[in-house]
Amino acid sequence: MSSGTYTEADIERLIPPRVSVDPTAVTCIKQAWAFAQRVHAGQRRRSGEPYTEHLFQTTKMLGALDMGAPTLIAGILHDTLEDTQTCEADLAEAFGTDVAFLVAGLTKLKREKSKQGRHEGTPYYANNLRKLLLAAAQDVRILIIKLCDRLHNMQTLSHMPAETQKRVSLETRNVYVPVAERLGMHTIKRELEDLAFAYLEPDSFKKACRLFKKCKSEHEISIIEATATLQLEQAIHARIPFRIEQRDKGICSFYQKLERKEWELSQINDIITLQVIVPNADDCYIMLGKIHGLWHPIHGKFKDYIAFPKPNGFQCLRTTVGAESLGILEIQIYSDDMYERAKYGFAVLLARNEY
Ligand code: MN
């Protein structure tokens, strides 16, 4: 387990390249880290780790999302108003009004939530969702920091009492998962959803994990074979450069699908999806033709999400193919740009707008 004591060099490694080219920004981020270490000194998480561990992990996620300097700094300082003697004016003076505004926005969410949470029996998360959306309307960066904060809290939820685990998981499922989904932040959404599932329905979760493992090992061989075949094709015909990734289905979404398919494991073809990434949208269609030439497409399973994007902006070509040696396999074709957006969703747009 990490000690929670990080140096400036550790923080520097979290900074995305886009931000680290600016020495002023780097200095400011390091100053924020020193500040957080000072004001949170002596505080510990339930896990026994120094409080700064939570700040480090939250900021690490924001760095992975390619967020800009103010968002990273606000990530480092996000609990200072709530949990330390620091006031908004202190933050504004040391780190500027933009950072102070973000941290104040996050703190407001938290305060109102803890008040709401004590009303017994009311679905307080309905109110929280409204507050979260209001915060997003003010500045969507608040929402992105909040999602990373929540993800780390969910990752460390085992240290909390059972009652807290249920309450926080329920709120995660009802508020944060739909928000992450709406923002197209698929990676975060899936992890939040699976963690909440594990706490809310432990028996179903265990059952799903068992079946998932079984199902996955069967699919893995066909993934390896399909990857090899595509790479061979590429070596011979080299018309479009491409790379291949694979994506495991989330445990929760696997379980929901199994329920829909009446527990027929053979009905699940997307436990591992092969993702083929090409330079641009035109290449996607060429690659699709190539794939349909290699393997037989299954009728009715093709979706053109390039022409018809999902409401959250998700785009790709999705097909399911079958071959004797391969079994049935779902393949998604993305351009580089579509792939980034599918993984990080709205955060990618934010990053490009130099927030
Ligand atoms: Mn926090």
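Here are some friendly notes on the charged residues and the metal site of this structure.

1. Before the details, please keep in mind that this is a predicted model, where local features need pLDDT of at least 70, side-chain atom pairs count only at pLDDT 80 or more, and totals for chains, interfaces and linings use all residues. Residues are numbered from 1 along each chain as its sequence is written, and side-chain values use heavy atoms, with hydrogens and water left out.

2. Let's start at the metal. The manganese ion has His54 (NE2), His78 (NE2), Asp79 (OD) and Asp149 (OD) as its protein donors, at 2.2 to 2.4 Å. Donors here are N, O and S atoms within 2.8 Å of the metal (3.2 Å for Na, K and Ca); water is not among the atoms, so the site may look incomplete. Along the chain, the spacing of these donors reads H-x23-H-D-x69-D. His78 and Asp79 are both buried, where buried means under 20% relative accessible area, exposed over 50%, and partly exposed in between (1.4 Å probe, protein chains only).

3. There are 16 salt bridges in the structure, each being a side-chain nitrogen of Lys or Arg within 4 Å of a carboxyl oxygen of Asp or Glu. One of them joins Asp10 to Arg13, with 2.5 Å between the closest N and O atoms. Both residues sit in helix α1 (residues 8–14), 3 residues apart, or about one turn of the helix. Helices (H or I, at least four residues) and strands (E, at least two) are DSSP runs, numbered from the N terminus. Asp10 counts as buried because its relative accessibility is 18%, whereas Arg13, at 64%, counts as exposed.

4. Asp139 and Arg141 form another salt bridge, at 2.7 Å from N to O. Both Asp139 and Arg141 are buried. Together with Asp98, they are linked in a network of salt bridges.

5. A further salt bridge brings together the side chains of Arg243 and Asp336, 3.4 Å from N to O. This pair connects distant parts of the chain, 93 residues apart: Arg243 belongs to strand β1 (residues 243–248) and Asp336 to helix α16 (residues 336–344). Arg243 is partly exposed because its relative accessibility is 33%, and Asp336 is partly exposed with a relative accessible area of 34%.

6. Arg260 gathers with Lys261, Lys301, Lys303 and Lys310 in a surface patch of positive charge. Such patches are made of residues with over 30% relative accessible area and no salt bridge, like charges being joined within 9 Å and nonpolar side chains (Val, Leu, Ile, Met, Phe, Trp, Tyr) within 5 Å.

Note on methods. Areas by Shrake-Rupley, 256 points an atom, 1.4 Å probe, with all protein chains shown as cover. Lys, Arg positive; Asp, Glu negative; His and termini not counted. Charge placed at Lys NZ, Arg CZ, Asp CG, Glu CD.
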